[in-house]
Amino acid sequence: MEFLRPASWDEALAAKAAHPDAVPIAGGTDVMVELNFDRGRPAALLDLTRISTLTEWGSDGDHMRVGAGVTYQRIITELGSVLPGLAMASRSVGSPQIRNRGTVGGNLGSASPAGDAHPPLLAGDAIVELASVRGVRQVPVADFFTGPKRSVAEPDELISAFLLAPASGPEQFSKVGTRNAMVISVCSFAIALHPWQRKVGTGIGSAAPTPRRAFEAEEMLAVELSWERPVALTEAVERRFGDLVAAAASPIDDVRGTAAYRRQALSVLARRTLRWAWDAYRTEPAR
Amino acid sequence: MRVTCTINGELRQADDVWPGESLLYILRERLGLPGSKNACEQGECGSCTVYLDGLAVCACLVAAGQAEGAVITTVEGLTGADGALNTVQQAFVEAGAVQCGFCTPGLVVAVHDLLARSQAPPSDPDIREALAGNLCRCTGYEKIMDAVRLAASRGAR
């Protein structure tokens, strides 16, 4: 097995072009588990931790551009007020040791349906930036995932960054697990209110072959929510939102939970997070 | 592959390293530092917690080559040169926070990190959150909580 250690982004792209079967490694929180348990032996590891540009973030027009190598811990401490939904999800990842190493770029690269970063990225209409020696392309995160642990990334491409607009309204994230810490989600849900556009974004985790949005639920809320005069939500609207979110999922029975439980739990998470977000909007209408 | 890094203030070198092995394997099997424990090998238990460039991480999830040029502190490095226990280690002994002892080295590093990051003695929920990635199957955690409070009260940083 080869260990490739590019010192710059250009070197990394050249290495990936030359070794399309190389597995990129950043925090190692997924890749090293596979190696430790001998579940797979890639031809090469492509270490991305030496590339300083991957660990940078900054403003890029209407978006924050966050390098693929920024850790969960840094998203919490450095971007928590700008990207609160993603920061909430980041706080629920693993443990301090995992959050010190794990990256959102790695979460996207693994493309697990259970990735904690994915629901808030979906709710915020994030864009994934993919790069290769052929050039750079931007993919809406809703089009990024193609199946369990599969994405549109080509073998010669690396994830360079994601772009996510600063929150313009309240955002929430909630996750069901078998205990409070160190859990892969049984199911998870993110919501983002976009008051200026009179829109709502959603993201469902761990309840379909890929993370996905609940489009019908979003459209229903966009019509039903009284953005101008934010009164309390009716129980009927909450319930319909929960039902539409549950209907948008296509969960399976597995070791972590049954499909029926996931649907039920998702409808509860959807109702709760909507109430939290809407109550926050009623207190402080828009940023 | 050769890996060179600074461990507990000393420049160390490991030869014939297989690129897929972990920093934990290098520490324990190649450099004679068995303080960091090998238990779950998947970042769940925290027994192998070390400082890597100032951050507490699971050594089992760091690829050997990623440690090249890094500055690492293991539990062995927290003890004084004369072998004296540091405040956190002493508190674990006095509070009876050690039973089988397998999780202790990882917990000591994680508690050291928590107290180094804390401006004031941490609250119980903060302690529990900080130690969420360290599993202990003996103590039920209460004595460990006592040890953290004791170390914090003695101004461990």
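Colleague: In this predicted model, which hand does the crossing of H2(B) and H5(B) have?

Modeller: The crossing of H2(B) and H5(B) is right-handed. The hand is set by whether the near helix is turned clockwise or anticlockwise from the far one.

Colleague: At roughly what angle do the axes of helix H2 and helix H5 of chain B cross, and within what distance do they come?

Modeller: Helix H2 of chain B covers residues 87-95 and helix H5 of chain B covers residues 142-153. Their axes come within 8 Å and cross at roughly 135 degrees. That angle makes H2(B) oblique to H5(B), because only angles over 145 count as roughly antiparallel.

Colleague: Which residues meet where H2(B) and H5(B) touch?

Modeller: From H2(B) come Thr87(B), Val88(B), Ala91(B), Phe92(B), Glu94(B) and Ala95(B). On the H5(B) side they meet Lys143(B), Asp146(B), Ala147(B), Leu150(B) and Ala151(B). Sorted by class, the contact of H2(B) with H5(B) has seven nonpolar, three charged and one polar residue.

Colleague: Where does Tyr141(B) lie, and what is phi there?

Modeller: Tyr141(B) belongs to the loop between helix H4 (124-130) and H5 of chain B. Phi of Tyr141(B) is near 75 degrees, which is a positive value in a residue other than glycine.

Colleague: Is Tyr141(B) buried, exposed or partly exposed?

Modeller: The test is a count of neighbours: a residue is buried if 20 or more other C-beta atoms lie within 10 Å of its own, and exposed if 12 or fewer do. Tyr141(B) has 17 other C-beta atoms within 10 Å, so Tyr141(B) is partly exposed.

Colleague: Where in chain A is Met182(A), and is Met182(A) buried or exposed?

Modeller: Met182(A) sits in the loop between strand S11 (171-176) and strand S12 (187-194) of chain A. Phi of Met182(A) is near 55 degrees, again a positive value in a residue other than glycine. With 21 other C-beta atoms within 10 Å, Met182(A) is buried.

Colleague: Which residues is Ser132(A) in contact with, leaving aside its neighbours within four places in sequence?

Modeller: Ser132(A) is in contact with Leu13(A), Lys16(A), Ala17(A), Glu154(A), Asp156(A) and Glu157(A). As for separation, Ser132(A) and Gln73(A) are 59 residues apart in sequence, and their C-alpha atoms are 28 Å apart in space.

Colleague: How many of the residues of helix H4 of chain A are buried?

Modeller: Six of the eight residues of helix H4 (residues 84-91) of chain A are buried, so the helix is largely enclosed by the rest of the structure. The buried residues in H4(A) are Gly85(A), Leu86(A), Ala87(A), Met88(A), Ala89(A) and Ser90(A).

Colleague: What do the buried residues of H4(A) pack against?

Modeller: They pack against helices and strands of chain A. The helices are H3 (72-79), H5 (96-99) and H7 (118-123). The strands are S10 (158-164), S11 and S12.

Colleague: What does the radius of gyration say about chain A?

Modeller: Chain A has a radius of gyration of 19 Å, close to the 19 Å that the globule rule gives for 287 residues, so chain A is as compact as a globular protein of that length. Its C-alpha atoms fill a box of roughly 60 × 45 × 30 Å along the principal axes. Chain A holds eleven helices and 13 strands, and 53% of its residues count as buried. Of the contacts in chain A between residues at least 6 apart in sequence, 66% join residues at least 24 apart.

Colleague: And what is the radius of gyration of chain B?

Modeller: Chain B has 15 Å, which agrees with the value near 15 Å for a compact globule of 157 residues. The C-alpha trace of chain B spans about 45 × 30 × 25 Å along its principal axes. There are five helices and five strands in chain B, in the order β-β-α-β-β-β-α-α-α-α from the N terminus. Buried residues make up 48% of chain B.

Definitions and conventions: Residues are numbered from 1 along each chain as its sequence is written. Chains are lettered from A and ligands numbered from 1 in the order in which they are written. This is a predicted model: local features need pLDDT of at least 70, side-chain atom pairs count only at pLDDT 80 or more; totals for chains, interfaces and linings use all residues. Axes are lines fitted to C-alpha atoms, for helices over the stretch in contact, and angles run from 0 to 180 degrees between N-to-C directions. Helices (H or I, at least four residues) and strands (E, at least two) are DSSP runs, numbered from the N terminus. Angles under 35 degrees count as roughly parallel, over 145 as roughly antiparallel, 65 to 115 as roughly perpendicular and the rest as oblique. Two residues are in contact if their C-beta atoms, placed from the backbone, lie within 7 Å. Ala, Val, Leu, Ile, Met, Phe, Trp, Tyr, Cys and Pro count as nonpolar, Asp, Glu, Lys and Arg as charged, and the others, Gly among them, as polar. The radius of gyration is taken over C-alpha atoms; the globule rule is 2.2 Å times the number of residues to the power 0.38.
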